[in-house]
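Student: I would like to go through the ligand site of this model and then its backbone geometry. Please keep each answer brief.

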Amino acid sequence: MNLRTETKHDYEKVQDLLMRAFPGREEATLVRRLREDKNFQQELSIVAEEDGIIKGHIMFSRASLFDGIDCHPVAALGPLAVLPEYQRQGIGGMLIEEGKQRCLGHGFPLVFLIGHPGYYPRYGFLKARAYGIDITQFNVSDEVFMVAELQRGELDHLHGEFRFHSAFEELE
Ligand SMILES: CC(C)(COP(=O)(O)OP(=O)(O)OC[C@H]1O[C@@H](n2cnc3c(N)ncnc32)[C@H](O)[C@@H]1OP(=O)(O)O)[C@@H](O)C(=O)NCCC(=O)NCCS
């Protein structure tokens, strides 16, 4: 499995993948909007390719954690998608691990997401509110709002209010 940075030539295939993996078009729209942002970091949009087929895709975007004084840049995971016929082969997990390494390389201390509580904890994601981090941008339960440390100990001193990129707010 080749995990590599998404290029412009992949955009159409990735959009098709997102439309097949998710029931609606929200995630495809989100990815398109995040790519258009001037701060978009290409290396944080990753494809899993094998035999010329893009089987999975993951995207991370720049988000913020406001501690009441300072606004810390952090990463947000999403969306993550694997083509239905290639799910349960570990592709999602490989993309998460690769993405976490890349986020660390970009200097992000933490990565956040809203996602399935039965899936992400196996990749180091913890309930964010248990660590003094809240989200007011979306009304979500404690179970689905998660964070992973990219460097041990970051959750001991980083707290406050998390915010996704505004592209997450504008979904149809
Ligand atoms: C979620 C998703 C990315 C996982 O990709 P994957 O390559 O199948 O994942 P992995 O092979 O790394 O892990 C498979 C494990 O995840 C579990 N899993 C997959 N989707 C899950 C879900 N929605 N909730 C809970 N567990 C899930 C499987 O049960 C499997 O565990 P098991 O083998 O112990 O039973 C993929 O199923 C997908 O694209 N789903 C549709 C889009 C989606 O929901 N994306 C995530 C949004 S938060």
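Student: Where does the ligand sit?

Tutor: The model is a predicted one. A molecule counts as sitting in a pocket if more than half of its atoms lie within 2 Å of the grid points of that pocket. By that criterion the place of the ligand is the largest pocket.

Student: What is the volume of the largest pocket, and which residues are closest to its centre?

Tutor: The volume of the largest pocket comes to about 930 Å³. Its lining consists of 31 residues, and those closest to the centre are Phe 22, Leu 80, Gly 115, His 116 and Tyr 120.

Student: Which element gives the most to the lining of the largest pocket?

Tutor: At least two lining residues come from each of helix 2 (26–36), strand 4, helix 3 and strand 5 (110–114). By residue class, the lining divides into 19 nonpolar, 8 polar and 4 charged. The most is given, with 6 residues, by strand 4.

Student: Which residues come nearest to the ligand?

Tutor: The shell around the ligand divides into 9 nonpolar, 8 polar and 2 charged residues. There are 19 residues around the ligand, and the nearest are Leu 80, Val 82, Arg 88, Gly 90 and Gly 92.

Student: How much of the ligand's exposed area does the protein bury?

Tutor: Taken alone, the ligand exposes 880 Å². Strand 4 (71–82) and helix 3 (91–105) are the elements that give two or more residues to the shell around the ligand. Of the area that the ligand exposes alone, the protein buries 71%.

Student: Which residues are joined by a cis peptide bond?

Tutor: Most peptide bonds are trans. The cis bond here has an omega of about -5°. Its proline lies in strand 4. The bond joins Gly 78 and Pro 79.

Student: What is the phi of Asp 51?

Tutor: Most residues other than glycine have a negative phi. Asp 51 lies in the loop between strand 2 (45–50) and strand 3 (53–66). Although Asp 51 is not a glycine, its phi is positive, at about 50°.

Notes. Residues numbered from 1 in each chain as written. Predicted model: local features only at pLDDT ≥ 70, side-chain atom pairs only at ≥ 80, totals over all residues. Heavy atoms only, no water. Near = heavy atom within 4 Å. Areas by Shrake-Rupley, 256 points an atom, 1.4 Å probe, with all protein chains shown as cover. 1 Å grid on protein atoms, 1.4 Å probe; cavity = no way out; pocket = protein on both sides within 12 Å on 5 of 7 lines; lining within 4 Å. Helix = DSSP H or I, 4+ residues; strand = E, 2+ residues; numbered from the N terminus. Nonpolar A, V, L, I, M, F, W, Y, C, P; charged D, E, K, R; others polar. Points joined across faces, edges and corners; volume = space filled by probe spheres on them.
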